[in-house]
Amino acid sequence: MPQDGLIVDVRDNGGGHIHAAEFALQVLTPRRIAPEPVQFINTPLNLRICRRHQDSSGIDPGAWVPSLEQAVETGATFSGAFPLTPEDGANAIGQQYFGPVVLITNARCYSATDIFAAGFQNHRIGPVLGTDENTGAGGANVWTHELLSDLLQGDRATPYVPLPKGAGMRVSIRRTLRVGALSDTPVEDLGVVPDELHRMTRRDLLEDNADLFDRAGLLLKDREPHTVSVTDAVSVNGSLKLKVKAANVDRVDVYVDQRPYASTDLTDGQAAVTVPVAAAARAARIDGFEAGRLVAGKTEQLP
């Protein structure tokens, strides 16, 4: 892909899988992704469901049970908040695209797309350009009526009965909360407010979003790509010798098998780094900085 800029257009995307939405963020940024935590509303019925299935491998709501139980005494409206997306998975691949990125949203971005847009903004990946004043504001984990019925199968007091004529429905069972600067702000009801607002024009309607994409291009215009990579890695007398190449980066920090080993300034975008006692290392991560700010990150599997 061209490294001088990327426009990610998620308008009208009604959502999908929360894991996929949050896993996708890592490929666009060197920052570590913090998945958004989710909460149940505190009700006796939700507590019954979570108690019954707290050790199951499917929905596994065990982490939420203590706070749901405490709500009986405290009267809290919502349970404790815990992420659905595993943090290791949300950071397993790391940054793959090194150019600047702009995200385009509208009011029909919903559910997992709300969550993706919130994570994009939470982690300061790039500007959010919206054609509406916020996204759909439905960032939540949904369960179907069929699933809820199955979860209380065999319970004589279950309120879930078959719907007329084979109908189905689903509900937002757990709401998501923002992380970062807007930590603990709900996505549900509020959505994601764009950093820049673009009102659709006649030219957008008749010429395939021409003005919108011009506006997105202007947001990318003055943003430089930042790249970092390992061009060579060899073992010499028990040490690991790395050659690092970068663009628009003045310092790199080197981690080997997740342990910090070296920090060095770059000359003409290049550096040679020797890591002692690391001949058996399996992976090296290079973090690139510009004026003290993390701008690029690359994990390389070593031979």
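Predicted model: local features only at pLDDT ≥ 70, side-chain atom pairs only at ≥ 80, totals over all residues.
Helices (H or I, at least four residues) and strands (E, at least two) are DSSP runs, numbered from the N terminus.

- Arg124 follows helix 5 and has a positive phi, near 55 degrees.
- In helix 3 (residues 65–74), the buried residues are Val65, Ser67, Leu68 and Ala71.
- Strand 2 (37–40) and helix 2 (44–52) are included in what covers those buried residues of helix 3; contact here means heavy atoms within 4.5 Å.
- Gly75 comes after helix 3, and its phi is positive, near 75 degrees.

**Strands that pair**

- Strand 11 (residues 251–256) runs antiparallel to strand 12 (residues 259–265), and 6 bridges join them; two strands pair if DSSP finds at least two bridges between them.
- Val256 stands opposite Arg259 of strand 12.
- The hairpin of strand 11 and strand 12 has 2 residues between the strands, and Asp257 takes a positive phi there, near 50 degrees.
- Strand 11 is also joined by 6 bridges to strand 14 (residues 283–290), again antiparallel.
- Across that pairing, Val254 has Ile286 in strand 14 as its bridge partner.
- Strand 14 is joined in turn to strand 15 by 8 bridges, and these two run antiparallel.
- Ala284 has Glu300 in strand 15 as its bridge partner.
- Strand 14 and strand 15 form a hairpin with 2 residues between them, and Ala291 in the turn has a positive phi of about 50 degrees.
- A handy rule to keep in mind: in a regular strand the side chains alternate between the two faces of the sheet.

**Aromatic rings that meet**

- There are 4 aromatic pairs, counted when rings of Phe, Tyr and Trp (its six-membered ring) have centres within 6.5 Å; planes under 30 degrees apart count as stacked, over 60 as edge-to-face and the rest as tilted.
- Phe40 and Trp143 make an edge-to-face pair, at 5.9 Å centre to centre with 70 degrees between the planes.
- This pair links distant parts of the chain, with Phe40 in strand 2 and Trp143 in strand 6 (residues 140–144), 103 residues apart.
- Phe40 and Trp143 are both buried.
- Trp64 and Phe82 have ring centres 5.5 Å apart and planes at 85 degrees, so this pair is edge-to-face.
- Trp64 lies in the loop between helix 2 and helix 3, and Phe82 lies in strand 3 (residues 82–83), 18 residues apart.
- Trp64 has a relative accessible area of 4%, so Trp64 is buried, whereas Phe82, at 31% relative accessibility, counts as partly exposed.
- Phe40, Trp64, Phe82 and Trp143 form one aromatic cluster.

**Pockets**

- On a 1 Å grid over the protein atoms alone, a cavity is a set of points where a 1.4 Å probe fits but cannot get out, and a pocket is an open set with protein on both sides within 12 Å along at least five of seven lines; lining residues have an atom within 4 Å of a point.
- The largest pocket has a volume of about 590 Å³; grid points are joined across faces, edges and corners, and a volume is the space filled by probe spheres set on the points.
- Of the 23 residues lining the largest pocket, Arg32, Asn91, Gln258, Arg285 and Thr299 lie nearest its centre.
- Strand 14 and strand 15 (293–301) are the elements that give two or more residues to that lining.

Methods
Residues numbered from 1 in each chain as written. Heavy atoms only, no water. Buried < 20%, exposed > 50% of the residue type's maximum accessible area, 1.4 Å probe, protein only.
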